[in-house]
Amino acid sequence: MSTAAATSVRRGRRRRLDASLIVGIALVGVIIIGAILVASVGRNFFSAGNIRDILTGMSVLGFVAIGQTLVILCASLDLSVPYVISLSSLIAADLMAGNPANIPFAVLVVVIVAGLIGLANGLIVTKLKVNGFIATLGTGLIIKGYLDSNYKGTSGEVPWEFQLIGATGVGPVPVSTLIMLAVAVLGAFFLARTRVGNHMFAVGGNEQVARLSGIRTARPIIVAHVLCSITAAFAGLLLASRLGVGSPTVGIQGGYDLLSIAAVVLGGTLLMGGRGSIWGTIGGVAIFAVVDNVMSVMQVNPFLKDVVRGVVIVAAVAVYTSRSLDRRRPRFGTGSAAPDTPADRSAPPPAVAHEKEASA
Amino acid sequence: MTAVTTQQPSVGQRLAGFGRTLISPRGAVFLLLIVLLIAITLLNPSFAEPSQFIRFIQRVAPVAIVAIGQYFVIVGGEFDLSMGSVVTAQVVIAGNLIGQDESKSLPVLLFMLVFGAFIGLVNGLIVTMLKVPSFIATLGMMLALLGATLYWTGGAATGNPADGFREIGRGGIRDLPVIDILPWSVVVLVVVLVIAIWFARRPFGRTIIALGDNPTTARFSGTRNWWVKTSTFMISSLSATVAGVLLVGYAGVHPSVGRGYEFTAITAVVLGGVVLGGGRGWVVAAAAGAFALEALFTLLNFAGVPSTYRDAVQGAIIILAVAYSATTLRARRKGRALEAPAPLISPDPSSGPSTETSPAPAEEQDAAASARPAPIPSTQRADNETKGGS
């Protein structure tokens, strides 16, 4: 049991490195093309101001996409994130009410509320056996109904001290991006080193096998949904700090639900779950940010931006899947040795039965 | 697995079977629809009048047609998120290309159908040839198509097709005895539904379901997977085109027409008991899901619920409906393999993989697993999870 877990972790790490590598190559390619395009209109892509713009553009989507990665790893989806973002920006702005002393309390409340929403999502997915797509679509609609009924427009006021988070930076790197990267480090650590994190890969890869191997399959999925809602709440807090007020439409306008899913898939995470990495996702978010930035600098028509975005998403994922198709094979054998496979296949059932009997 | 022997159909059993079908996931949507319609009638008795009721059907027609198209994609194991954008694009095309010239109606209609089929073909080829998950491929198509449409119109409402063309969505056969008017949309809906039922019963339609259930088996049994899958996307885009034609007359030309239709359609299909991930579902139930959804909105209107709460109620209903069908489906999943659905749940409804009470069910599973090693995980997996592609 423990050796099996260890090998799967080792194999997982190698695979994740591969995936991140491809995303990294794609990112470098996008940056080179972008730099050439930007240079063609006589601007400098690598100027401090431009890099700050790109990194700022990464931070909000980055938060959402980190959480979305965890959920997608568990073979679920979270479509409720835009509404969680709007709700947390409103709660934060209302509770702060312009007074810096209220900041910790407001942040705490926002995280708790988001955590409860995520808990509800996770419980609906695991206990009621509702597909994640439908469950989170439903909770998203419920939150939307609440927002539409109780808020007519922007609300609350964010104190200056909190606005600094969205406004200041260390050199060309904004503080918000640093926080986002810190969360990414935590997320990557969580996936690689903790038990629940490892179980996420197992449950996402094959829930039945995970269950038969003695994993409580509900827990990783619930944890993933809770963490996803909390990172979405961070994104909402960041948007509130940038806008200075809470807004009921800020999440929907950004289209964060579908864009975050696209970024996660762009980062090499399988939509079917079980495979992927936080760093790949950050790479996917960076690709989006660079493409957006290049289009802004070149003053592309805002409607055409959507066309380009759509084409880039499809093209990038197409390139990625065609490359990773042959990498899919090793999953069915153990490591390199093909003759292992039949022995491997016949071995588990008795072992599982033993475990069952032992546990019963 | 012991219950195969208990199969003597008596009248009582048949009645019980019918009742069970009605509360089963497959029939639940019809029960829901009936309950909703009765509730509406209680609140507003004039709703039951034939002329009012036919108006209701007219209002549902575009959503139902889109849901029928989405059904084929979902039952084949994929998603089509681009439908809303296709509707928008077709509405704008009709508005701009037809103009006030009646004689252009037919050529433009043909062009719209070709365009719809082309969009579906592109979606399908991206999914099958480039192996992009359909969620992503159609999401990209949704962004690109909507962006292109808005770029073309400048984001404003432009163009107004000739009245003759708008009659399709707006007019109907007038001066009929009972129902007063038979809207063309209702006729179109009935035609589409009949074609869809016929198509779903054809070998090709059954192949789609087989493909959604297990692509590997479908391939080994000689299916050209890429072509079947591509054709489902073409069907869905064509149905979005038809819905667009109806909406031009009913709602007018505006770039916001059709927005959100993809999620409405998916919701309707799922309400109809069709399993996301493919392989299970009935096209009539999908259409009934669209009716139930629209009836729910009508009920909320009549009940005086503020329109802002509509979304919240819709969300709650979706979750409850799917939770109901998912939990019921789990209980009888074992029966499906033996093709004896109804009476089979009696012996051990709780012996699914979730409960680890005694070693006996585990052994039973092991026996099944050793008999057929490969298909078991994949068929079980298909029930609860979103299959993105390939």
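Biologist: What makes B:Ala326 count as buried?

Modeller: B:Ala326 has 20 C-beta neighbours inside 10 Å. Buried takes 20 or more other C-beta atoms within 10 Å, exposed is 12 or fewer, and partly exposed is in between, with C-beta atoms placed from the backbone. So B:Ala326 counts as buried. It sits in helix α14 (residues 310-331) of chain B. B:Gly273 is 53 residues from B:Ala326 in sequence, yet their C-alpha atoms are 8.8 Å apart.

Biologist: What ground rules apply to the numbering and the model?

Modeller: Residues count from 1 along each chain as its sequence is written, and chains are lettered from A, ligands numbered from 1, in the order in which they are written. This is a predicted model, where local features need pLDDT of at least 70, side-chain atom pairs count only at pLDDT 80 or more, and totals for chains, interfaces and linings use all residues.

Biologist: What are the overall scores?

Modeller: ipTM is 0.78 and pTM is 0.79. As for pLDDT (the predictor's confidence in each residue, from 0 to 100), chain A has a mean of 83, with 84% of its residues at 70 or more. Chain B averages 78, and 79% of the residues score at least 70.

Biologist: Where is confidence lowest and highest in chain B?

Modeller: Lowest in helix α17 (residues 375-384) of chain B, at a mean of 38, and highest in helix α5 (residues 105-128) of chain B, at 93. Residues 334-390 of chain B stay under 50, and the model has 95 contacts for them beyond four places in sequence. A contact means C-beta atoms, placed from the backbone, within 7 Å. Where pLDDT is low, the predicted coordinates should not be read in detail.

Biologist: And in chain A, which helices are lowest and highest?

Modeller: Helix α15 (residues 340-346) of chain A is lowest, with a mean of 38, and helix α4 (residues 103-127) of chain A is highest, at 95. Residues 325-360 of chain A fall below 50, with 25 contacts beyond near neighbours in sequence.

Biologist: How do you know that the span of helix α7 (residues 175-193) of chain A agrees with expectation?

Modeller: The expected span is 1.5 Å times one less than the number of residues. For the 19 residues of α7(A) that gives 27 Å, and the end C-alpha atoms are 27 Å apart, so the two agree.

Biologist: Which residues of α7(A) are buried?

Modeller: A:Ser176, A:Thr177, A:Met180, A:Val183, A:Ala184, A:Gly187 and A:Leu191. They cover an arc of only 120° around the axis, which puts them on the same side of α7(A). That arc is taken over the directions from the helix axis to the C-beta atoms. An α-helix has 3.6 residues a turn, so residues three or four places apart point the same way. On the other side of α7(A), A:Ala182, A:Val185, A:Phe189 and A:Arg193 are exposed. The cover over the buried residues includes α8 (195-205) and α13 (278-297) of chain A.

Biologist: Why call α13(A) largely enclosed?

Modeller: Because 17 of its 20 residues are buried. α8(A) is mostly covered too, with nine of its eleven residues buried.

Biologist: Why does strand β1 (residues 172-176) of chain B lie largely in the open?

Modeller: The number buried among its five residues is zero, so β1(B) lies largely in the open. Four bridges join β1(B) to strand β2 (residues 180-183) of chain B, running antiparallel; pairing takes at least two bridges found by DSSP. B:Leu176 stands opposite B:Asp180 in β2(B).

Biologist: What makes something a nonpolar core, and which residues touch the most other members of the largest one?

Modeller: A nonpolar core is a set of buried Ala, Val, Leu, Ile, Met, Phe, Trp, Tyr and Cys residues joined through C-beta atoms within 7 Å. The largest has 210 residues, and B:Ala64, B:Ala67 and B:Ala292 touch the most other members. Its largest share, 16 residues, comes from α10(A). Leaving out residues up to four places away in sequence, B:Ala292 touches B:Val29, B:Leu32, B:Leu33, B:Leu36 and B:Leu271.

Terms used:
Helices (H or I, at least four residues) and strands (E, at least two) are DSSP runs, numbered from the N terminus. Two residues are in contact if their C-beta atoms, placed from the backbone, lie within 7 Å.
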